[in-house]
Amino acid sequence: MEETKTLDRLAVGRQATVAALSAPAEQRRRMLELGFVPGRTVAAVQESPWGDPVAYAVCGAVIALRRADARQIGIHTAP
C-alpha cells in the first residue's frame with residue numbers, strides 16, 4: 001500500500017512518485033517546468049549540511065529545492 005506525503009519528508013536515498021502540486025499558479029508552473037510532473041519518479045539524493053535545501057533527481061537532472069517549496073509537492077511512496 002502506498003503512503004501519501006510531501007516531498008520535503010522523503011529521506012535521502014529513497015524514491016517516490018509525484019502525486020500532485022499544491023503551489024500557487026506561478027510556482028506550480030515553475031515546478032512543472034523543472035520536471036515535478038504527476039506520475040514522474042523523484043529521488044532525494046543529497047541534503048545540505050544544514051538540512052535545507054535538498055537535491056532531488058527528476059527527469060535526468062538534479063534540482064535543489066528549499067524544504068518550503070518541496071512541501072508543496074505531494075508524493076506517493078511504497079513501504
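Analyst: Happy to! Let us begin with one term: two residues are in contact when they have heavy atoms within 4.5 Å of each other. Please also keep in mind that this is a predicted model.

The part I would like to look at is Asp8 and its surroundings. Where is Asp8 found? The residue sits in the loop between E1 and E2. Leaving aside its neighbours within four places in sequence, Asp8 is in contact with Tyr56, Arg67, Ala70 and Arg71.

Is Asp8 buried or exposed? Its relative accessible area is 11%, and buried means under 20%, so Asp8 counts as buried.

Now take Arg71. The side chains of Asp8 and Arg71 meet in a salt bridge, with 3.3 Å from N to O. Asp8 belongs to the loop between strand E1 (3-6) and E2, while Arg71 belongs to the loop between helix H2 (67-70) and E6, so this pair ties together parts that are 63 residues apart in sequence. The side chains of Asp8 and Arg71 are also joined by a polar contact of 3.3 Å. While Asp8 is buried, Arg71 is partly exposed, at a relative accessible area of 45%.

Next comes Arg67, another contact of Asp8. Arg67 has a salt bridge of its own with Glu47, where the closest N and O atoms are 2.2 Å apart. This pair links distant parts of the chain, with Arg67 in helix H2 and Glu47 in strand E3, 20 residues apart. Both partners count as partly exposed: Arg67 has 21% relative accessibility, and Glu47 has 39%.

How many salt bridges does the structure hold? There are five. Glu33 and Arg29 are four residues apart in helix H1 (residues 25-34), so about one helical turn separates them. Glu33 counts as exposed at 60% relative accessibility, whereas Arg29 is partly exposed at 45%. Together with Glu26, these two residues are linked in a network of salt bridges.

Back to the contacts of Asp8, which also include Tyr56. Tyr56 leads us into the largest nonpolar core, where it is among the residues with the most contacts inside that core. Strands E2 (15-21), E3 (41-47), E4 (54-58), E5 (61-65) and E6 (73-77) each supply at least two of the core residues. As a general point, nonpolar side chains tend to be buried together in soluble globular proteins.

Ile73 shows what such a place looks like in detail. Not counting residues up to four places away in sequence, Ile73 touches Lys5, Thr6, Leu7, Val18, Ala20, Leu21, Met31, Phe36 and Leu65.

Finally, look at how E4 and E5 are arranged. These two strands run antiparallel and are joined by five bridges. For instance, Ala57 has Val62 in E5 as its bridge partner. The hairpin of E4 and E5 has two residues between the strands, and Cys59 takes a positive phi near 55 degrees in this hairpin.

Technical notes. Residues numbered from 1 in each chain as written. Predicted model: local features only at pLDDT ≥ 70, side-chain atom pairs only at ≥ 80, totals over all residues. Heavy atoms only, no water. Core = buried A, V, L, I, M, F, W, Y, C linked by side-chain atoms within 4.5 Å. Buried < 20%, exposed > 50% of the residue type's maximum accessible area, 1.4 Å probe, protein only. Salt bridge = Lys/Arg side-chain N within 4 Å of Asp/Glu carboxyl O. Polar contact = N/O pair within 3.5 Å; in protein donor to acceptor, adjacent residues only side chain to side chain. Pairing = 2+ DSSP bridges.
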